[in-house]
Amino acid sequence: MEHIVIIGNGISGVTAARHIRKLSDKRITIISAETDHFFSRTALMYIYMGHMKYEHTKPYEDWFWEKNKIELKRAFVKQVMHAEKELILEDGGKLSYDKLILAIGSKSNKFGWPGQDLKGVQGLYSYQDLETLEQNAPNKKVCKRAVIVGGGLIGIELAEMLHTRGIPVTFLVREDSFWNVVLPNGESEMINRHIRNHHIDLRLGVNLKEILADEHGRARAVVIAETGEEIPCDIVGLTAGVSPNTDFLKDSGIELGRGIKVNRYLETNVPDVYAIGDCAEQHEAIGNRRPIEAVWYTGRMMGETLAQTICGNRMQYNPGHWFNSAKFFDIEYQTYGWVNSDERLPEYEEHFHWIHEDDTKCLTIATHKETGKFLGINTFGIRMRHEVFDAWLTEERSTDFVVQDLAMANFDPEFYKSFESQILEAYTNQTVKA
Amino acid sequence: MSTVQRNMSLTGEPPKTLNAVQKFATILGMFGLAILLLAAFNINFPNKALWLAISLLSISGGIILFAKGAYANELEGIKNHGVWFKSVSSRGFLGWLAGIALTGFYIILYFYAEFLGLNANGANTGVISLFDPLSKILSGNPASQWFVYGTLYTIAIFAFGIKFIWKYRHNRYERIRTMSVMFFQTAFAFLIPEFMARLNSSEAYNLPYYDLKSVWPLNYYLFDSYSLDGLLSSGNLGLYMLLFGVASIFIITPILTYKYGKRWYCSWVCGCGGLAETAGDPFRQLSDKSMFAWKVERWVVHSVLVFAVVMTTALVSTYLGNDPNDYWLTRDVFLIGVAVFLTLIFAGIWFFKRAALNKDARYGAAGYFIIIIALIGIHYGSNTENIFIFEASELRQWYGFIIGAVFSGVIGTGFYPIFGNRVWCRFGCPMAAILGIQQRLFSRFRITTNGGQCISCGNCSTYCEMGIDVRSYAQKGENIIRASCVGCGICSAVCPRGVLKLENGPLEGRIDGNQVLLGNDVDLMAMVNKN
């Protein structure tokens, strides 16, 4: 029986395993050094915040794996010997495979800051990071101030987490507005205000110079590059993005770039070795997507696709229309299609922006200047129907159509106030002016 | 798995700690409770009306002030911070203490009311006598243990309802729903029956306590002989009320459940649901989500339903059999009618909806159908005084004891802090079982999953009070259509990615949904769905 070995028990690896099991009776082994069972990485924050316990973040009950004959192995893989089709484990053990799936995820970026490896300095990606955080910042007595470096999705989550335990947070963001490499300015600025409403000390347009140590080798303060200001703190969160966790593959013969290089079939340069999820890097980006997509949904899609290939139905990774979502403190964010930030705005793209007077809801619709075609939408504080936008993008609808029919796409709970008429009015007025 | 050593400090820290407002609120509420407790220990308060007012206002005020302390200074949004750190909401010491106290209260209430000051002969004493002034204002009669319970129950729904509204003030569905349960409890369960009791001072009326929104089989005493006697001897009003009771279950309930799902009752109207959604809200995360619990749930709740149907059939047929010439409906015709009705229902389900049911649900339905028919057959074949194998009144007593008192009260509410706030509704309520069967098979209600946006975080499943593993559907892109869903809307509220929406829509494509849309290209999805 063919033995499929999957390194990594995150969403990508587990989805691949589940679908291979659906399609075949191959022997499947999932190896992880992180946890015994699959858990939802995106839910780590809720464990620290006390919304859930670790066990609640496991999407499948523990009996699921044995019942579906998916073997779980808790081990750290040190080396991949692809000529022998063998894995060398840290404890000295060996495991042979017929096909190998690398679903090894990411690690937090560190950009060579002085002091970045001190005690009390950490990222937030793995279960172990969460345990470290629990030690570094158990409460506001032990941790009198936290500094977070890097204004992306993980940074704002970490700020929210620490905030729930009453720990004062200073949030250093390199850009002059939160996440404005991705979000158009109007949205990014609304989130700036929302962050500050939560009493987070948000510092925009600043860089980290260094992290200072105390006599025990623990972080005691950070220094800001622009001003030289020293901010005393007990924990430094490094959240300036993630990159593929490929260190152990350096001399394996598997082609690496920033991640593990794969073709559209998610195959590496080595036969019978595949890579999916955060760690996979496409030779050429697909559409407007980036070559490395460290997103939950794309990990899942790659897992589904690769399962087909492994089970004899060779298939390209061919994601549909782009979508994503996040939550910034109390404000939910959804996106369908492509809305570029102001600083990355292509020549042909123009925006319609609407913001509600309560400053917690807004949306931006991207349109093709010449054709009037609807390119994408960002919404904040208003839920939208994935299915409807997916259809509109496929049908290449115009923005005029989308704004007229926006109510069809609303996904807010029943009895919620709707803003479609306000939005339509703003859109019409804007069109007249232009 | 190594677990993190939590700080054992008792002084507390955010988000576990109480702020100054909450501390004061706790003292105020406890003061109000202490008055009741002292009264229960036969401290004779001089001005009962005044002390009762002080006590009830302190309790309500304490709860509302506590909510203000918790939520007034927070921005709107989901704030389940520290739910699993706090002792009371995570089965810690305070949780067990609350559970034991509540359970003890229910045992005394149901079985030892004399400890509360109920005297078989003569005036009330103890805590019940403290409630006499209020009872006399409303119904003109002295209080009973049920009046005390009803008053406290209403106050709990009212005060904790305000807390709930504060907590979910950003969510209009939750606000309106909670105002609805507060209204139905205060008006229908509390005030109207008291006013009805006032009518009884006239010779023409002999009305039993009747909470009009409490539908058979939840209201299992509707068809007790004393209740039927009372209603039938109270002129047209009594007759209309009896007809309304029958119409509630056979006409009104099916129509509303078809249109809106069982939520119109369970989380908008029902008193048990009302208490669970308000006072019970801090415990919703304690429900068991395992597959095993789901299996137990289906067997137990449907067994209770069968028990309720058999018991009621027995009661009514005994009632009719006492004086065969009194009613146009004879006992034999009634029994044949029940058998025909049940046969039609099961045949209908079997014929139209067999495919929609799981294997074991089919076995269960068929098995129970056979049992009921067999029991009726046994009775019809014999001419003894006994109904079925038991005496009807004995059956009724056992039902009242096991289901009415122990299950719904002692376990159902007493164990809120241990098993979650919907134990009774999920495992025991025969009304929920009927509505559930209908919701599963014949209703426009569903929870829609929003395409591929689910990140499997587990908030929905964790905060589902009915123990539904909502995530298991959401992450597959499937709609959630479960018999037990009471439509409280919290899964949708706590979802950080806007994935869930409670909706009423066409029956077509309700269960399978449209083509599963997870963000892939269509060819792949066709292939994934094929398997």
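This is a predicted model: local features need pLDDT of at least 70, side-chain atom pairs count only at pLDDT 80 or more; totals for chains, interfaces and linings use all residues.
**Entry 1: a helix pair in chain B**

**Entry 2: a second pair in chain B**

Next I turned to helix α6 (residues 145-167) of chain B and helix α7 (residues 172-199) of chain B. Their axes come within 10 Å and cross at roughly 165 degrees. α6(B) is therefore roughly antiparallel to α7(B). The crossing of α6(B) and α7(B) is left-handed.

I wanted to see who meets whom here. On the α6(B) side I listed Gly150(B), Thr154(B), Ile157(B), Phe158(B), Gly161(B), Phe164(B) and Ile165(B). Among their partners in α7(B) are Arg175(B), Val181(B), Met182(B), Ala189(B) and Phe190(B). By class, the contact of α6(B) with α7(B) has 8 nonpolar, 6 polar and 1 charged residues.

**Entry 3: domains of chain B**

Then I checked where domain 2 of chain B meets domain 3 of chain B: 29 residues of domain 2 are in contact with 19 residues of domain 3. Several helices of chain B each supply at least two residues of the domain 2 side, including α9 (235-260), α12 (291-322) and α17 (423-428). Which helix gives the most to that side? I found that α18(B) does, with 4 residues. The domain 2 side has 9 nonpolar, 9 polar and 11 charged residues.

**Entry 4: chain A as a whole**

Over to chain A, where I counted 10 helices and 25 strands. The radius of gyration of chain A is 23 Å, close to the 22 Å that the globule rule gives for 434 residues, so chain A is as compact as a globular protein of that length. Along its principal axes, the C-alpha trace of chain A spans about 70 × 60 × 40 Å.

**Entry 5: domains of chain A**

Chain A is divided into domain 1 (3-107 + 243-310), domain 2 (121-240) and domain 3 (323-433). I took the centres of domain 1 and domain 2 of chain A over C-alpha atoms and got a separation of 30 Å. Their contact takes 9 residues from domain 1 and 11 residues from domain 2. On the domain 1 side, α2 and β8 (106-108) of chain A are the elements that give two or more residues. α2(A) gives the most to this side, with 5 residues. By class I noted 5 nonpolar, 2 polar and 2 charged residues on the domain 1 side.

**Entry 6: where the chains meet**

How many residues does the contact take from chain A and from chain B? I found 54 residues from chain A and 49 residues from chain B. Elements of chain A that each supply at least two residues of its side include α1 (11-23), α4 (127-136), β21 (323-328) and β22 (331-337). α7(A) gives the most to the side of chain A that touches chain B, with 6 residues. That side has 17 nonpolar, 19 polar and 18 charged residues.

Conventions
Residues are numbered from 1 along each chain as its sequence is written. Chains are lettered from A and ligands numbered from 1 in the order in which they are written. Two residues are in contact if their C-beta atoms, placed from the backbone, lie within 7 Å. Ala, Val, Leu, Ile, Met, Phe, Trp, Tyr, Cys and Pro count as nonpolar, Asp, Glu, Lys and Arg as charged, and the others, Gly among them, as polar. Axes are lines fitted to C-alpha atoms, for helices over the stretch in contact, and angles run from 0 to 180 degrees between N-to-C directions. Angles under 35 degrees count as roughly parallel, over 145 as roughly antiparallel, 65 to 115 as roughly perpendicular and the rest as oblique. A crossing is left-handed if the near helix is turned anticlockwise from the far one by less than a right angle, and right-handed if clockwise. The radius of gyration is taken over C-alpha atoms; the globule rule is 2.2 Å times the number of residues to the power 0.38. Domain bounds come from an automatic or database domain assignment.
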